[in-house]
Amino acid sequence: MEQKTTIIIVTFNAFNYVEKCLKSVLKNTSRTHDIIIIDNKSDVKTREYVKSYSTVENFKVILNDK
């Protein structure tokens, strides 16, 4: 039985790093893991990219106002 892990990723701008990170997490983790992304009011490009992960089954996206 695979052990369940929760991964928390905090983002603020840095689109290129956020993109690489999230693609890597998606590729290298199973659906049994929970991934929480917390965005701290990034620029539009980064924030929209982060929001796109809200439809992924095991991902939860939190969008902070500041």
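Reader: Hey, I'm new to this one. How do strand 1 and strand 2 pair, parallel or antiparallel?
Author: In this predicted model, strand 1 (residues 6–11) and strand 2 (residues 34–40) pair in the parallel sense, over six bridges.

Reader: And how does the chain get from strand 1 to strand 2?
Author: It goes through helix 1 (residues 15–28), and this β-α-β crossover is right-handed.

Reader: Which residue stands opposite Ile8?
Author: That's Ile36 in strand 2.

Reader: OK, zooming out. What does the sheet look like, and in what order do the strands come?
Author: Three strands form an open sheet, ordered 1-2-3, with parallel pairing. Strand 1 and strand 3 (59–64) are the edge strands, each pairing on one side only. On average, neighbouring strands of this sheet are turned by 15 degrees against each other, ignoring direction.

Reader: How many bridges join strand 2 and strand 3?
Author: Six bridges, and that pairing is in the parallel sense. Take Ile38: its bridge partner in strand 3 is Ile62. Ile37, in turn, stands opposite Val61 in strand 3.

Reader: What holds strands of a sheet together in general?
Author: Strands of a sheet pair through backbone hydrogen bonds, in either a parallel or an antiparallel way.

Reader: Let's switch to the helices. Which strands does helix 2 lie across?
Author: Helix 2 lies across strand 1, strand 2 and strand 3, and runs at about 150 degrees to strand 3.

Reader: And how do helix 1 and helix 2 sit against each other?
Author: Helix 1 and helix 2 (residues 44–51) pack at an angle of about 15 degrees, and their axes are 9 Å apart. Angles under 35 degrees count as roughly parallel, so helix 1 and helix 2 are roughly parallel to each other. Their crossing is left-handed.

Reader: Which residues meet there?
Author: From helix 1 you have Phe15, Val18, Glu19, Leu22 and Lys23, and they meet Lys45, Thr46, Tyr49 and Val50 in helix 2.

Reader: How many of those are nonpolar, polar or charged?
Author: By class, the contact of helix 1 with helix 2 has five nonpolar residues, one polar and three charged.

Definitions and conventions. Residues numbered from 1 in each chain as written. Predicted model: local features only at pLDDT ≥ 70, side-chain atom pairs only at ≥ 80, totals over all residues. Heavy atoms only, no water. Pairing = 2+ DSSP bridges. Helix = DSSP H or I, 4+ residues; strand = E, 2+ residues; numbered from the N terminus. Right-handed = clockwise from strand over helix to strand, strands pointing away. Axes fitted to C-alpha atoms, helices over the stretch in contact; angles between N-to-C directions. Parallel < 35°, antiparallel > 145°, perpendicular 65-115°, else oblique. Left-handed = near helix turned anticlockwise from the far one by under 90°. Contact = heavy atoms within 4.5 Å. Nonpolar A, V, L, I, M, F, W, Y, C, P; charged D, E, K, R; others polar.
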